[in-house]
Amino acid sequence: MAYVAGNPIMTDAEFDELKLRLRKEGSEIVQEGPRCSLRSRKVYSDLTVDYFKMFLLNVPAAVVALTLFFFLDDLTGFEITYLLELPEPFSFIFTWFAALPLIFWVAQAITSAIVKDFLILKGPCPNCGNENLSFFGTILSVPSGGARNSVKCANCSSSLVYDSASRLITLPETAEA
């Protein structure tokens with residue numbers, strides 16, 4: 001309201017920096033749908049982090065870690081199982097403060113060895129509004145292509161440029177909006 005009244009409380013650059021920081025933190029306040037910029041003549045849309053798919057990347061490693069845990073239990077003659085059957089509160093303490101953190105740590109180590117610095121972003125296509133995904137990161141030393149990825153919309157086949165730094169989807173310069 002201060003900006004509209006002619007008394008802004010921050011500069012345009014400070015506002016843009018705040019908006020980008022809030023967008024990176026996943027705030028829904030700054031998320032907007034597909035729109036056009038008259039100044040740059042680009043059609044763009046906001047990207048958000050797909051935490052569910054990022055979580056799913058850890059599931060195979062968690063299964064491997066649990067399998068290793070049960071295999072180790074079998075090799076030791078089920079000594080780990082006996083520890084889990086201790087009288088309360090010792091079995092609770094062992095399970096929650098020793099076994100589960102160890103399994104979590106092994107799963108994270110396996111995932112980190114395979115997938116490095118990963119980020120999965122999703123957002124609506126500026127042309128049709130269909131949600132599309134893009135992966136940023138490195139899988140087994142093969143990088144995804146940097147901070148910008150080119151993606152085709154699954155619905156309307158429009159070429160889209162995903163920018164992980166600004167968290168925006170834009171249509172390439174050659175595309176007509």
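**Figure 1. Thr111, a buried residue of the predicted model.** In this predicted model, Thr111 is buried, its relative accessible area being 4%. The residue belongs to helix α5, which spans residues 90–114. Apart from neighbours within four places in sequence, the residues in contact with Thr111 are Leu57, Asn58, Ala61 and Phe118.

**Figure 2. The salt bridge between Asp50 and Lys53.** Two salt bridges are present in the structure, and one of them joins Asp50 to Lys53. The closest N and O atoms of Asp50 and Lys53 lie 3.5 Å apart. Asp50 has a relative accessible area of 6% and is therefore classed as buried, a class that requires a value under 20%. Lys53, with a relative accessibility of 35%, counts as partly exposed.

**Figure 3. The salt bridge between Asp163 and Arg148.** In this view, the side chains of Asp163 and Arg148 form a salt bridge with an N to O distance of 3.3 Å. This pair links distant parts of the chain, with 15 residues separating Asp163 from Arg148. Asp163 is located in strand β8 (residues 159–163), whereas Arg148 is located in strand β7 (residues 148–152). Asp163 counts as buried because its relative accessibility is 14%. Arg148, at 47% relative accessibility, counts as partly exposed, since exposed residues are those over 50%.

How values were computed
Residues are numbered from 1 along each chain as its sequence is written. This is a predicted model: local features need pLDDT of at least 70, side-chain atom pairs count only at pLDDT 80 or more; totals for chains, interfaces and linings use all residues. Side-chain values use heavy atoms; hydrogens and water are left out. Helices (H or I, at least four residues) and strands (E, at least two) are DSSP runs, numbered from the N terminus. Buried means under 20% relative accessible area, exposed over 50%, partly exposed in between (1.4 Å probe, protein chains only). Contact means heavy atoms within 4.5 Å. A salt bridge is a side-chain nitrogen of Lys or Arg within 4 Å of a carboxyl oxygen of Asp or Glu.
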